[in-house]
Amino acid sequence: MSGIIGKKVGMTSIFDADGRNIPCTVIEAGPCVVTQLRTEEVDGYEAVQLAYDEKKEKNTTQQLKGHFSKANTTPKRKLVEFKTFEDEKSLGDTVTVEIFAEGDFVDVVGTSKGKGFQGVVKRHGFAGVGMQTHGQHNRLRAPGSLGASSWPSRVFKGMRMAGRTGGSRVKVQNLQVLKVYAEQNLLVVSGSIPGAKGSYVIVDK
């Protein structure tokens with residue numbers, strides 16, 4: 001499994017050979033630098049660490065400066081480890097969108113948009129009371145009864161209630177690579193991916 005780190009640029013749509021209008025997402029992926037090679041002997045597992053997106057030296061700790069200097073590269077903002085790669089990688093190698101080809105299927109991991117504290121109607125799709133009858137007042141979007149009475153005298157774990165929504169790690173699987181623009185480091189994949197514009201995403205092959 002190969003992968004790359006990128007940023008979500010935004011959504012658009014393209015027409016395929018049959019004239020269908022396909023919604024797609026543009027991802028600015030790479031170039032990423034190999035900054036560490038995890039080995040079974042030293043770390044207990046094997047992985048390839050990639051770094052992406054430039055970062056100012058004044059905002060980088062001394063420990064990370066030394067870490068990046070070993071790979072002979074400038075400080076980066078995002079570090080991600082990939083367990084396996086199709087071909088062998090060495091410290092300081094560069095990974096670009098050329099590892100992907102049109103027609104490949106990829107999994108994209110991102111952080112969904114945070115929506116703050118939300119009620120049950122928005123968070124879980126509750127219908128609400130619906131009609132203002134029988135003396136209902138300000139109860140249209142309320143959760144209603146939680147179902148717990150004298151026994152068990154508590155609320156069960158996992159009960160669908162109001163709470164923080166979004167801002168969580170989400171993976172979307174089996175998105176097809178529609179276009180690869182190596183010169184601009186751009187990937188065009190079918191469908192939508194989690195996150196706001198400019199947020200980091202991980203693309204797994």
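Strand β4, residues 47–54, is mostly covered, with 7 of its 8 residues buried. Buried stands for under 20% relative accessible area, exposed for over 50%, and partly exposed for values in between, with a 1.4 Å probe and protein chains only. Strands (E, at least two residues) and helices (H or I, at least four) are DSSP runs numbered from the N terminus. This is a predicted model, in which local features need pLDDT of at least 70 and side-chain atom pairs count only at pLDDT 80 or more, while totals for chains, interfaces and linings use all residues. Residues are numbered from 1 along each chain as its sequence is written, and side-chain values use heavy atoms, with hydrogens and water left out.

β4 pairs with strand β3 (residues 32–38) in the antiparallel sense over 5 bridges. β4 also runs antiparallel to strand β5 (residues 76–82), and 6 bridges join these two. Pairing requires that DSSP finds at least two bridges between the strands. Gln49 takes part on both sides: Gln49 is the bridge partner of Gln36, and in β5 the bridge partner of Gln49 is Glu81. In a regular strand, side chains alternate between the two faces of the sheet.

## Salt bridges

A search of the whole structure finds 7 salt bridges. The criterion is a side-chain nitrogen of Lys or Arg within 4 Å of a carboxyl oxygen of Asp or Glu. One of them links Arg20 to Asp16, with the closest N and O atoms 2.8 Å apart. Arg20 is exposed, at a relative accessible area of 53%.

Glu54 forms a salt bridge with Lys76, and their closest N and O atoms are 2.4 Å apart. Because Glu54 lies in strand β4 and Lys76 in strand β5, the pair ties together parts that are 22 residues apart in sequence. Glu54 is partly exposed at 45% relative accessibility, whereas Lys76 is buried at 8%. Salt bridges that share partners also join Arg38, Asp43 and Glu81 into one network. Within it, Asp43 and Arg38 form a salt bridge with the closest N and O atoms 3.1 Å apart. Asp43 is partly exposed, with a relative accessible area of 28%, and Arg38 is partly exposed as well, at 21%.

## Charged surface patches

Lys113, Lys115, Lys122, Arg141 and Lys197 gather in a patch of positive charge on the surface. Lys122 is found in helix α3, residues 120–124. A patch of negative charge on the surface gathers Glu40, Glu41, Glu46 and Glu88. Glu88 sits in the loop between β5 and β6 (94–95) and is exposed, with a relative accessible area of 76%.

Patch residues have over 30% relative accessible area and no salt bridge; like charges are joined within 9 Å, and nonpolar side chains (Val, Leu, Ile, Met, Phe, Trp, Tyr) within 5 Å. Accessible areas come from the Shrake-Rupley method with a 1.4 Å probe, and for residues only the protein chains shown count as cover. Lys and Arg count as positive and Asp and Glu as negative, while His and the chain ends are not counted. Each charge is placed at NZ of Lys, CZ of Arg, CG of Asp or CD of Glu.

## Val170 and Ile193

Val170 lies in strand β10, residues 169–181. Val170 is partly exposed, at a relative accessible area of 28%. Val170 and Ile193 are 23 residues apart in sequence and, C-alpha to C-alpha, 8.7 Å apart in space.
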